[in-house]
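Please keep the sequence and the structure in view while reading.

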Amino acid sequence: MAALIEVRNVTRLFGGFVAVDDCSLSVEAGSITGLIGPNGAGKSTLFNMVAGNLKPSSGTILFNGEDVTGLAPHQLFARGLLRTFQIAHEFSNMTVLENLMMVPDTQAGENLFSAWLQPARVTREEAQVRARAEEVVSFLNIAHVKHELAGNLSGGQKKLLELGRTMMVHARAVLLDEIAAGVNRTLLNDLAGNIERLNREMGYTFFVIEHDMDLIARLCDPVIVMAHGTKMREGHIEDIKNDPEVIEAYFGGSPTGGATTAQEAR
Ligand SMILES: Nc1ncnc2c1ncn2[C@@H]1O[C@H](COP(=O)(O)OP(=O)(O)OP(=O)(O)O)[C@@H](O)[C@H]1O
Ligand SMILES: [Mg+2]
């Protein structure tokens with residue numbers, strides 16, 4: 001398999017603080033790759049750089065072999081690299097179907113992307129968009145709440161809707177940052193099942209930050225462990241879990257990952 005996302009020697013500083021430290025890793029096309037590590041390890045910062053929300057201080061990020069370092073989110077989006085977003089407050093009083101129909105228009109550039117979320121222009125394409133939204137709710141098994149206001153959904157149903165948005169556009173890779181937080185077991189199971197189906201049936205590649213180890217074990221292979229701003233291990237969860245250095249990174253020493261590096265930096 002080929003690398004779809006490749007991070008090469010990426011560093012991100014916040015002032016003198018090294019949040020991501022000369023990190024290199026790759027996500028194979030077609031994989032569901034996990035990213036774990038203690039709080040403050042730099043996982044979200046790395047995601048933000050891959051998704052274009054933050055620029056690296058140095059290093060290179062490739063997507064599908066193309067250098068995409070420093071590109072804006074909408075430019076990555078147009079290439080099929082997406083991250084999910086929480087349902088914005090202002091859309092909570094729109095229905096599930098209406099939320100799905102707020103597809104981005106790649107012509108509109110930055111503005112549009114800011115939420116990927118501007119109401120779809122009422123165009124001749126609307127019927128097509130609506131039909132796609134209907135397919136998406138069926139696929140995700142949330143057709144029974146399609147006319148429900150997004151604000152009335154449970155936490156887990158909202159996550160399904162967020163995932164559903166990725167299906168309204170041509171996604172190739174989807175970044176998920178802690179999707180399990182606050183989701184009940186039943187819906188988490190649905191969510192995991194849908195991630196697996198999107199991977200298997202639609203060829204989505206997933207890059208998943210998660211603290212829920214059961215979910216990681218179910219979904220992800222391989223799993224990458226980050227600590228102190230860089231990759232420390234990669235492998236199958238069973239091997240990772242029993243690795244003494246990984247256990248040490250989680251439970252021993254500095255609980256805040258990059259802090260040691262920061263102290264060194266001062
Ligand atoms: N915008 C910022 N300005 C300053 N420091 C930041 C900023 N964003 C993150 N950091 C710091 O960078 C380090 C890495 O943070 P990051 O959020 O990437 O960790 P994480 O691995 O996602 O942690 P968690 O598991 O708690 O979500 C932390 O020490 C954090 O305080
Ligand atoms: Mg984080």
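Predicted model: local features only at pLDDT ≥ 70, side-chain atom pairs only at ≥ 80, totals over all residues.

How far from an oxygen atom of ligand 1 does a polar side-chain atom of Ser44 lie? The distance is 2.9 Å.

**Surroundings of ligand 1**

- Ligand 1 is surrounded by 13 residues, and the closest of them are Asn39, Gly40, Lys43, Thr45 and His211.
- Asn39 places a polar side-chain atom 2.8 Å from an oxygen atom of the ligand.
- His211 likewise has a polar side-chain atom 2.8 Å from an oxygen atom of ligand 1.
- Ligand 1 exposes 640 Å² when taken alone, and the protein buries 60% of that area.
- Helix H1, which spans residues 43-50, supplies three residues of the shell around ligand 1, the largest share.
- Strand S2 (17-28) also supplies at least two residues of this shell.

**Aromatic pairs**

- Two aromatic pairs are present in the structure.
- In one of them, the ring centres of Phe47 and Phe207 are 5.0 Å apart and the ring planes lie at 40 degrees; the pair is therefore tilted, since an angle under 30 degrees would count as stacked and one over 60 as edge-to-face.
- Phe47 has a relative accessible area of 0% and is buried.
- Phe207 is also buried, with a relative accessible area of 1%.
- The other pair consists of Tyr204 and Phe206, whose ring centres are 5.8 Å apart and whose planes meet at 40 degrees, so this pair is tilted too.
- Both Tyr204 and Phe206 are buried.

**A charge over a ring**

- The charged end of Arg197 sits over the ring of Phe139, at 3.8 Å from the ring centre.

**The chain as a whole**

- Eleven helices and ten strands make up the secondary structure elements of the chain.
- The chain has 266 residues, of which 51% count as buried.
- Of the contacts between residues at least 6 apart in sequence, 70% join residues at least 24 apart.
- The chain has an accessible surface of about 12,200 Å², and carbon and sulfur atoms account for 48% of this surface.

Methods
Residues numbered from 1 in each chain as written. Chains lettered and ligands numbered in written order. Heavy atoms only, no water. Phe/Tyr/Trp six-rings, centres within 6.5 Å; stacked < 30°, edge-to-face > 60°. Helix = DSSP H or I, 4+ residues; strand = E, 2+ residues; numbered from the N terminus. Buried < 20%, exposed > 50% of the residue type's maximum accessible area, 1.4 Å probe, protein only. Lys NZ or Arg CZ within 6 Å of the ring centre and 35° of its normal. Contact = heavy atoms within 4.5 Å. Areas by Shrake-Rupley, 256 points an atom, 1.4 Å probe, with all protein chains shown as cover. Near = heavy atom within 4 Å. Polar contact = N/O pair within 3.5 Å; in protein donor to acceptor, adjacent residues only side chain to side chain.
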